[in-house]
Amino acid sequence: MSKSLGNVIDPRDVIAGASPQRRQFPHGIPECGTDALRMALCSHNVHGDDIRLDVNTVLSYRHFCNKIWNAVKFVLAALGPDFVPQPPEETVPQHPMDRWVLSRLAQAVGECGRRMEALEVHGAIAAVHHFWLRSFCDVYLVGDPVHL
């Protein structure tokens with residue numbers, strides 16, 4: 001983005017949305033929120049000073065954040081109001097799906113940790129994104145929710 005070219009996006013317009021004002025956004029900018037903007041910025045593998053930020057990428061992360069919210073609400077509803085978590089050292093998953101998703105989570109945590117140690121925030125975001133969408137939501141929650 002360049003001020004001289006007139007293609008700079010005000011982050012406040014991405015966060016709160018903006019009505020049609022510019023040629024680049026004849027339909028305006030949809031409200032994306034701060035979390036989506038942060039994730040979109042962190043997901044870029046930046047080697048220089050420039051980030052090619054696309055509003056559609058931020059909007060995609062807004063949908064991702066919404067998916068996190070909905071999945072957490074679903075799990076909390078399935079667990080019920082009287083749920084009391086066990087200490088992790090006492091938890092032994094019996095259901096094969098529970099063991100599978102925990103193995104995927106361990107892989108994602110390992111990848112996320114390796115990427116953060118290497119200062120590759122974009123890779124850590126990718127690991128979290130992949131686990132949440134491809135393992136947790138698309139397989140674990142859609143599978144047999146009785147085991148929750």
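1. Which residues does His 122 touch, not counting residues up to four places away in sequence? This is a predicted model, in which local features need pLDDT of at least 70 and side-chain atom pairs count only at pLDDT 80 or more, while totals for chains, interfaces and linings use all residues. Residues are numbered from 1 along each chain as its sequence is written, and side-chain values use heavy atoms, with hydrogens and water left out.

2. With that local neighbourhood set aside, His 122 touches Cys 42, Ser 43, His 44, Asn 45 and Arg 115, where contact means heavy atoms within 4.5 Å. His 122 lies in helix 5, helices being DSSP runs of H or I with at least four residues, numbered from the N terminus. His 122 counts as buried because its relative accessibility is 19%, the term meaning under 20% relative accessible area with a 1.4 Å probe and protein chains only.

3. The largest nonpolar core has 28 residues, and those with the most contacts inside it are Val 58, Tyr 61, Trp 132, Phe 136 and Leu 141; such a core is a set of buried Ala, Val, Leu, Ile, Met, Phe, Trp, Tyr and Cys residues joined through side-chain atoms within 4.5 Å. Helix 2, helix 3, helix 4 (96-117) and helix 5 (121-141) each supply at least two residues of this core, and its largest share, eight residues, comes from helix 5.

4. Leaving aside neighbours within four places in sequence, Phe 136 is in contact with Ala 71, Val 75, Val 101, Phe 131 and Leu 141.

Technical notes. Buried means under 20% relative accessible area, exposed over 50%, partly exposed in between (1.4 Å probe, protein chains only).
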